[in-house]
Amino acid sequence: MLQNILYALPELALLAGVVHLYLCYVLGEESSRLFARIARLWLIVSMFCMIIFYNRSLNPSYYADNAYTFLFRAMAYIFAYVVLCVAPQYFTAEKRTGHKYYIQLLLAVSIANILLAAINVMALIVSFCILSLIHYRMLDSGGETLPEPAKIRYVSTSAIILLLMAIGGAGLYNITGGNTEYKFLTDFLVSRKDSFLTYMFVVFLLVPFLYALGIAPFHGFAEDKAGRAPLPVSHYLAVVAPWAYWGAFIKLNIAAAEPFASDIQPVYAVFALFSVAIGAMGANARINLHRIYSFAVTYYFGIILLLLALFTPASSFAAYACLWVSLLAVSGVYLVFYSLKSRNEYLAAVTSLSGLAETRPFATATLLISLFSLMGMPPLAGFLGQADIVSGLIGAHKYISLGCVLFFLLLLAKSFLEIMKTAYFEHKIINYDTENKVLRFLMLLNMGCLITAAFNPLNIMDKMKDMFYAVFL
């Protein structure tokens, strides 16, 4: 009993943080910074416990930890910690405590831990549904809500998506005789790869992840969340949530989709190239910075799906490298968004960047490095991702796909260059509020990571590759 409690300490620590935050709210605390400090404290405790018990779990029949899950969970903690460092700045400016947001973020990270460690379809479905509910509740945790028509569309579509996932899980549970562990499921599906019904059950499990990640044509709701959600919520949904979803999806892709690789590959390719095209064109058609980067993420997620469609260990790791680099760059861009504050109001239009270089050198440098990294320019981390993309697609003889990716990268680069032109060459029209020192430090740290990662210090990419390949064992 005691042993099981120890193995569950990472999740229990986060739940203890939830209780702590709620008690502080009940006792009348009104400081957003205090709530954030408490959330960060319990996040660190949870991360410490996760490091100690990195390969142990409460119920190994449903979810199990290994080097692969440690790789994703550790980065999820780091990304979440960064969000918690800057979120108080927003809530303080808005004169809100943000307690709901901090509580929901800790809950989301605890469920994301289980989602990443899931080795059973049932555990995957339950954790995915709970996480989807938490993310929906997050959208109004900052005191703002989606417009009623958008909320109805979001709820109805999400309900249909989750229903499909439930049908897929129930169908696999029925035809396998109740054994839906990944290892058994892979062998079973190989023997049933000619069954159309089994194929559809697998598809029903995959579609919800494409929806949650905003893969086109499901990108509309991702854009709504980026453009209408409060900044800390948007930051979390743009970085932490997709990191967890992709980690779980890659495992599911290997366990359930690979037996149907010949049938799923062209479907993935269509969704991926559609996302690449929509992402690049959408970024050029928007003037809201949050929406522009939502479309940029759609572009990169399309590339990641295209690499996963190759169904090889090397292409899967290339997808991981592209994911890591792109989300690191997007996280840097979101740090810049916290600098765009004038008279306690956060700005989101491209024109609000006018003359940014004159008064915000740290923010402008972070923006420049993040954008160049997303474009794959050496010697930044993004060059690693672009190199993996090119080598992966050439190795698979996907020359048309590679041509589409590079063409739309040039189109995406046009929107990025417009942003940089506004920041560096337009005259200043806005007086920005004082920049937070913590924010400057995080920007400096982010720039350092993007610059040094391409040089592979301490063989970090090789170590990541070894940890990533644990998913194939």
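This is a predicted model: local features need pLDDT of at least 70, side-chain atom pairs count only at pLDDT 80 or more; totals for chains, interfaces and linings use all residues.

Where does phenylalanine 311 lie?

Analyst: Phenylalanine 311 sits in the loop between α13 (289-308) and α14 (313-337). Its phi is near 55 degrees, a positive value in a residue other than glycine. With a relative accessible area of 13%, phenylalanine 311 is buried, because anything under 20% falls in that class.

The axes of α13 and α14 come within 8 Å and cross at roughly 170 degrees. An angle over 145 degrees counts as roughly antiparallel, and α13 and α14 are therefore described that way. On the α13 side, the contact involves Leu289, His290, Tyr293, Val297, Tyr300, Phe301, Ile303, Ile304, Leu307 and Leu308. On the α14 side, it involves Ser315, Ser316, Ala318, Ala319, Cys322, Leu323, Ser326, Leu327, Val330, Val333 and Phe337. Sorted by class, the contact of α13 with α14 has 17 nonpolar residues, four polar ones and no charged ones.

α4 and helix α11 (residues 231-257) pack at an angle of about 175 degrees, with their axes 9 Å apart. That angle makes α4 roughly antiparallel to α11. The residues of their contact divide into 21 nonpolar, three polar and one charged.

The structure holds 39 aromatic pairs. One of them joins tyrosine 90 and tyrosine 346, with 5.3 Å from centre to centre and 40 degrees between the planes, and this pair is tilted. Tyrosine 90 belongs to helix α4 (residues 67-93) and tyrosine 346 to strand β2 (residues 345-346), so the pair ties together parts that are 256 residues apart in sequence. Both partners are buried: tyrosine 90 has a relative accessibility of 5%, and tyrosine 346 has a relative accessible area of 15%.

Next to consider is the pair of phenylalanine 91 and tyrosine 102. Their ring centres are 5.8 Å apart and their planes stand at 65 degrees, so this pair is edge-to-face. Phenylalanine 91 lies in helix α4 and tyrosine 102 in helix α5 (residues 99-117), so the link spans parts that are 11 residues apart in sequence. Phenylalanine 91 is buried at a relative accessible area of 0%, and tyrosine 102 is buried at 0% relative accessibility. Elsewhere, ring pairs link Tyr68, Phe72, Phe79, Trp243, Phe317, Tyr320, Phe468, Tyr469 and Phe472 into a cluster.

Alanine 216 and proline 217 are joined by a cis peptide bond, with omega about 15 degrees. Proline 217 is found in the loop between α9 and α10 (219-228).

Helix α9 brings us to its contact with α6. The axes of helix α6 (residues 121-138) and helix α9 (residues 196-213) come within 12 Å and cross at roughly 30 degrees. Angles under 35 degrees count as roughly parallel, so α6 and α9 are placed in that class. Their crossing is left-handed. Val121, Leu124, Ile125 and Phe128 from α6 meet Leu205, Pro208, Phe209 and Ala212 from α9. By class, the residues of this contact are eight nonpolar, no polar and no charged.

Finally, helix α6 also contains methionine 122. This residue is partly exposed, with a relative accessible area of 26%. Leaving aside neighbours within four places in sequence, methionine 122 is in contact with Tyr62, Gly169, Tyr173 and Thr180. Between the C-alpha atoms of methionine 122 and proline 361 there are 49 Å, and the two residues are 239 apart along the chain.

Technical notes:
Residues are numbered from 1 along each chain as its sequence is written. Side-chain values use heavy atoms; hydrogens and water are left out. Rings of Phe, Tyr and Trp (its six-membered ring) pair if their centres lie within 6.5 Å; planes under 30 degrees apart count as stacked, over 60 as edge-to-face and the rest as tilted. Helices (H or I, at least four residues) and strands (E, at least two) are DSSP runs, numbered from the N terminus. Buried means under 20% relative accessible area, exposed over 50%, partly exposed in between (1.4 Å probe, protein chains only). Axes are lines fitted to C-alpha atoms, for helices over the stretch in contact, and angles run from 0 to 180 degrees between N-to-C directions. Angles under 35 degrees count as roughly parallel, over 145 as roughly antiparallel, 65 to 115 as roughly perpendicular and the rest as oblique. A crossing is left-handed if the near helix is turned anticlockwise from the far one by less than a right angle, and right-handed if clockwise. Contact means heavy atoms within 4.5 Å. Ala, Val, Leu, Ile, Met, Phe, Trp, Tyr, Cys and Pro count as nonpolar, Asp, Glu, Lys and Arg as charged, and the others, Gly among them, as polar.
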